[in-house]
Structures are given as structure tokens and as C-alpha cells.
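Have the sequence and the 3D view open side by side while reading. The paragraphs below go from one residue to its surroundings, then to other parts of the chain.

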Amino acid sequence: MRVQISDEGSNQTSFSAWEKVTDGVPQGSVFGPLLFLIHVNDLPKTINDKTVPIRFVDDTSIIVKSSNSKDFQTNMVTAFNCVNKWFKVNLLSINVEKTHHIQFKTKNKFKLDINIACDDNLITTVPKIKFLAYTYMIQLTGAVILNILSQN
């Protein structure tokens, strides 16, 4: 592969040296998004049946639900470990800076202290999260729901 560099002001074009591409797709490639979707197509199959994976373009969200707090905690950690393992096997990495988890609960449930780590980096818990242009918060009250809907 080599890169073409064009200078529109002087109508000059130059090329980089040829280099062997060992993995990945050059950024800006027309086939990049399609190849990425094909590459991650089997990701949902690696996660256990206690979770629901949702993918949108290059984002993946995993929904874990359980009324039993111990099962919830186990399923959260197991799901993340499965995803992390899949990423490593497929020569991808999780962006820890953009990876968070949030717990939705009813008023009578306590927030669980769940520690999820990715390569010795703790995945942060957040009080609200944006998903497909909507913001979701830990406890949704009537006033908060109306505020969120009026913003969108």
C-alpha cells in the first residue's frame, strides 16, 4: 500500500513508499465500514444468553438484566469478559476511555458496587449515558423523563 498526496495549489502529486499492510484497513477506505461490520458480525454470539447485545455502526452496547442482584453482578462481569476476550482474539482493543456501565434500578433497590476491569483499567460507572441520541439516567422520574424528551 502507498499513500497519494496531492497539493491542489500547485497541481503536484507525490506518493509515499510502498509498505506491506499486515492487518487492518486503511483509514478513509471505501470498504472500511463494510469490512468492519463483516469482521464484528459474530460478536453477539460470544456473549452469554443472559445479555442482549445492541450494535450500531461501530458502537456495541450490552444490556444485562436480572431481578437477582448476585446474578446481575455475575452476568455483567461475565459478559464484559467474553467481549474483551473476543476483541483480543480478533486483534481489536476496547477503548477504555469510551467504555462505561450504568445500572438502572427502581427506588427500592440498592446500587451494586460492580468492579469491571479491562487490562487493569477500571471501567467507570456513570450516572447517565447517551445512547442513539437519547440520554438515560440511573433513576428516571416523571420530571426527568419530560426534561429528556423536551431536549430531544
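This is a predicted model: local features need pLDDT of at least 70, side-chain atom pairs count only at pLDDT 80 or more; totals for chains, interfaces and linings use all residues.

**A walk through the model**

Leu92 sits in the loop between α3 (69-89) and β5 (100-101). Residues are numbered from 1 along each chain as its sequence is written, and side-chain values use heavy atoms, with hydrogens and water left out.

Apart from neighbours within four places in sequence, Leu92 is in contact with His39, Val40, Trp86 and Phe87, where contact means heavy atoms within 4.5 Å. Between the C-alpha atoms of Leu92 and Gly24 the separation is 9.5 Å, although the two residues are 68 apart along the chain.

A pocket is found on a 1 Å grid over the protein atoms alone, as an open set of points where a 1.4 Å probe fits, with protein on both sides within 12 Å along at least five of seven lines; lining residues have an atom within 4 Å of a point. The space in the second largest pocket is about 480 Å³. A volume is the space filled by probe spheres set on the points, which are joined across faces, edges and corners.

The largest pocket has a volume of about 1,700 Å³. It is lined by 47 residues, and Thr60, Ser61, Ile62, His100 and Ile129 are the closest to its centre. Helix α3 gives the most to this lining, with 8 residues.

Leu91 counts as exposed because its relative accessibility is 67%, and its phi is positive, near 60°, in a residue other than glycine. Asp120, in the loop between β6 (117-118) and β7 (121-122), likewise has a positive phi, near 70°. Asp120 counts as exposed, at 80% relative accessibility.

Helix α3 also holds Asn75. Asn75 is at 11% relative accessibility and therefore counts as buried. Leaving out residues up to four places away in sequence, Asn75 touches Asn48, Lys50, Thr51 and Val64.

In soluble globular proteins, nonpolar side chains tend to be buried together. Here the largest nonpolar core has 16 residues, and Met76, Phe80, Val83, Phe87, Ile94 and Ile116 have the most contacts inside it. Helix α3 gives the most to this core, with 7 residues. A nonpolar core is a set of buried Ala, Val, Leu, Ile, Met, Phe, Trp, Tyr and Cys residues joined through side-chain atoms within 4.5 Å. Not counting residues up to four places away in sequence, Phe80 touches Ile94, Thr99, Ile116, Ala117, Cys118 and Ile123.

Key:
Helices (H or I, at least four residues) and strands (E, at least two) are DSSP runs, numbered from the N terminus. Buried means under 20% relative accessible area, exposed over 50%, partly exposed in between (1.4 Å probe, protein chains only).
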